[in-house]
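The following note is intended for a colleague who is meeting this structure for the first time. Please read the numbered points with the model in view.

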Amino acid sequence: MRTADHGVDPPAGFRSALSALRDMRARPEIELVEAPAPQRLAPYAIALTADVVADDHDLGTGRLVLLHDPDGQDAWEGAWRVVVFAKASMEPEMAVDPMICDVGWSWLQESLQHSGATYIAFGGTVTRTNSQPYGAMAGREASGDLEIRASWTPLDDEVVPHAAAWLDLLATMAGLEPLPVGVASLRR
């Protein structure tokens, strides 16, 4: 966590958000780690990274950054900003599907809806890549990736629903089975 200049403690709302994010638990296939936050985007920031691993296979990765400026920022339309990145491999056939970007964006929207997150100023991009190896690498399999970058402004200080939506998005992109409502995942 980075504090404002002059050694001033962060405001109570940010301290509460920080504590809530640090107390979050991800499903067992997702390794959640606090990472260095950007230094110049806001007076206060926290960053989390996540790697989705199942059966010793890397299935996806992501990053969430929560920015806070008690004075607000016009471009954010508020005092908070959530910035997310999510990336997962996919079958080459899916990577060439012209609808996959729309599907990826709908996964993010559904994750936000299911988590109960409330927000404004929502935007982002979905990128698909399809790699076909040639020459000395021709023996390798073709591959594809889907990347989602998005940001939005939470309407309140409750940040956990936003982080939960990001984790749900990662799980969906990585092809993990959804957890039934009311069922908690247990750590290994």
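Is Ser143 buried, partly exposed or exposed? Ser143 is partly exposed, because its relative accessible area is 33%, where buried means under 20% relative accessible area, exposed over 50%, and partly exposed in between (1.4 Å probe, protein chains only).

1. Basis of the note. The model is predicted: local features need pLDDT of at least 70, side-chain atom pairs count only at pLDDT 80 or more, and totals for chains, interfaces and linings use all residues. Residues are numbered from 1 along each chain as its sequence is written, and side-chain values use heavy atoms, with hydrogens and water left out.

2. Overall make-up. The protein chain holds 4 helices and 6 strands; helices (H or I, at least four residues) and strands (E, at least two) are DSSP runs, numbered from the N terminus. Their order from the N terminus is α-β-β-β-β-α-α-β-β-α.

3. Dimensions. The C-alpha trace of the protein chain spans about 55 × 35 × 30 Å along its principal axes. Of the 188 residues, 39% count as buried.

4. Strands E2 and E3. Strand E2 (44–54) runs antiparallel to E3, and 11 bridges join the two; strands pair if DSSP finds at least two bridges between them. Leu48 has Leu64 in E3 as its bridge partner. The two strands form a hairpin with 2 residues between them, and Asp55 in the turn has a positive phi of about 50 degrees. Asp56 also lies in the loop between E2 and E3, and its phi is near 60 degrees, again a positive value in a residue other than glycine. Asp56 counts as exposed because its relative accessible area is 79%.

5. Strands E3 and E4. Strand E3 (residues 57–73) pairs with strand E4 (residues 78–90) in the antiparallel sense, over 10 bridges. Within this pairing, Gly62 has Ala86 as its bridge partner, while His68 stands opposite Trp80.

6. Strands E4 and E6. E4 also pairs with strand E6 (residues 143–154), antiparallel and through 9 bridges. Val82 stands opposite Trp152 in E6. Ser143, discussed above, is placed in E6; between Ser143 and Pro154 there are 35 Å in space, C-alpha to C-alpha, for 11 residues in sequence. Ser151 is another residue of E6, and Ser151 is buried because its relative accessible area is 18%. The side chain of Ser151 makes a polar contact of 2.7 Å with that of Arg81. Such a contact is a pair of N or O atoms within 3.5 Å; within protein, one must be able to donate a hydrogen and the other to accept it, and residues adjacent in sequence count only if both atoms are side-chain atoms.

7. A buried loop residue. Glu29 sits in the loop between helix H1 (12–23) and strand E1 (30–35). Glu29 counts as buried because its relative accessibility is 16%. The side chains of Glu29 and Arg27 are joined by a polar contact of 2.9 Å.

8. Ala121. Most residues other than glycine have a negative phi. Ala121, although not a glycine, has a positive phi of about 50 degrees. Ala121 belongs to strand E5 (residues 119–131), and Ala121 is partly exposed, with a relative accessible area of 26%.
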